[in-house]
Amino acid sequence: MEDARRELEDLGHEVHIFAPKPDRRYCEQAPRVTRFPAVKGLFFDDYRCSVFYPPRTRREVDKLELDLVHFHTPGQIGLFGAYYARRHDLPLVTTYHTDLYAYVTHYPGVLPGVVALSILAPYVTGGGAGERRISRSCVRPERSIDRWNQKVVERGMTLIHNSCDLVITPSAKMTAQLGGWNTTSRIATLPSGVDEIPATAAEIEAARREYGIADDEQVVLYVGRIGSEKNLGVLIDAFTHVARGNAKARLMLIGPGDEENRFRDQAAATACAGRITFTGRKPRAELGAYYGLAEVFAFPSTADTQALVVNEAAWAGTPIVMVDRNISQIVEDGVSGLYAANAAEDFAAKISALLDDPRRAKALGAVARERASKLTARVQAGKLARLYEETLANAAPGAAPEPPEMPALLAA
């Protein structure tokens, strides 16, 4: 969001950001950014959720004379933004970034949170008795915890989305999903803009030395959360096939995640354990060096909505192998990357095909880089600004129902 904010301001717009505090002692220095106290790990280990709002913050927001509200996550701050927009008759925009429908099957422990959000939805939307009945239906358990989670996500998110003037999705995959849920609000597909992460030859060489990668070794790189929803078991299994036929292949996985030990154990049980490296989290500014040293970027996830790391790899000219065909505007099979079936053998075959043919890999990477250059933060911010302008022009004053008083947890 910070990149979009910077670009929107360069286009002449005034942007106010409301976000959770990274930690208790954090003191925000940036102008027009309001931070809320937050709890870590309420939904995921690396996710921070705000749980209350000081009354003075609500009074400060009232003074801003906002023209439009855009929320990015249907958590506490997102619901506060939606509630505020409806109370002040402002156009409301949301972006559905995370495929919660897929995530809840990997993290069933988030059920209490999504149930609570669904129950609160009518208070946000100003919905009548029908919407409240729908939200209460989410409380009724299903025999399958996964199905219960998914029912709650589908019904709760649809209630919230249908109260918005515009719902933005980052990919065709998510547009199709929301359409299948009978979302009645306007839906626009707009991937997030991604700029190049530059890296010098010296930085790339330093990254290579840090992990003892020889000049003639070939790195298969993954960047992202280390979690089961990323389908990393398939990647590790695939690499065992690659490693059997290629003694120079290395696998590097960069990113945080509470399931890292599980995948480390899986890697340790393979015959190529010494060639699989987990680095943990890396600052984004340093990732350019790792994209630059990789021969292939491997992305097995089927739970992502747009995979911004794919765009980052494309900027480096790194050829991409991925599974999900509906989340990227950059990868076209055989033109700017390769798609593989969601199976270790086929994923391995596509990776090996690029490792064995550097000329083809370089050609695919060059096309990917050219396509990434058309999806910069500046270009996508311009498209977002036009969507805002259209939404403001189409908004009918007084059309939205005024929501009832917000429950105390959200109004405090």
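Helix 16 (residues 377-394) lies across strand 5, strand 6, strand 7 and strand 8 and runs at about 165° to strand 7; helices (H or I, at least four residues) and strands (E, at least two) are DSSP runs, numbered from the N terminus. Axes are lines fitted to C-alpha atoms, for helices over the stretch in contact, and angles run from 0 to 180 degrees between N-to-C directions. The model is predicted, so that local features need pLDDT of at least 70 and side-chain atom pairs count only at pLDDT 80 or more, whereas totals for chains, interfaces and linings use all residues. Residues are numbered from 1 along each chain as its sequence is written, and side-chain values use heavy atoms, with hydrogens and water left out.

The protein contains 17 helices and 14 strands. Among contacts (heavy atoms within 4.5 Å) with a separation of 6 or more, 68% involve residues 24 or more positions apart.

Strands 5-6-7-8 form, in that order, an open sheet of four strands with parallel pairing; strands pair if DSSP finds at least two bridges between them. Strand 5 (69-71) and strand 8 (186-189) are the edge strands, each pairing on one side only. Neighbouring strands of this sheet are turned by 20° against each other on average, direction ignored. Helix 3 (residues 76-87) packs on the sheet, where it touches strand 5 and strand 6, and its direction makes about 160° with that of strand 5.

Within this sheet, strand 6 and strand 7 (residues 166-169) run parallel and are joined by three bridges. Thr94 belongs to strand 6 (residues 92-95), and its bridge partner in strand 7 is Val167. Thr94 counts as buried because its relative accessibility is 2%. The side chain of Thr94 reaches the backbone oxygen of Phe71 at 3.0 Å, a polar contact (a pair of N or O atoms within 3.5 Å; within protein, one must be able to donate a hydrogen and the other to accept it, and residues adjacent in sequence count only if both atoms are side-chain atoms). Beyond four places in sequence, the residues touched by Thr94 include His70, His161, Cys164 and Leu166.

A polar atom of the Thr183 side chain lies 2.8 Å from the backbone oxygen of Leu178. Apart from neighbours within four places in sequence, Thr183 is in contact with His161, Asn162 and Leu178.

Another open sheet comprises six strands in the order 11-10-9-12-13-14, with parallel pairing. Strand 11 (276-280) and strand 14 (338-339) stand at the edges; each has a single partner strand, so one side of each is left without a neighbour in the sheet. Helix 10 (residues 232-245) lies across strand 9 (218-223), strand 10 (249-254), strand 11 and strand 12, at about 165° to strand 10. Strand 12 (residues 294-299) runs parallel to strand 13 (residues 320-322), with three bridges joining them, and Phe297 stands opposite Ile320 in strand 13. Phe297 is also part of a cluster in which ring pairs link Tyr222, Tyr291, Phe297 and Phe299.

Key: Buried < 20%, exposed > 50% of the residue type's maximum accessible area, 1.4 Å probe, protein only. Phe/Tyr/Trp six-rings, centres within 6.5 Å; stacked < 30°, edge-to-face > 60°.
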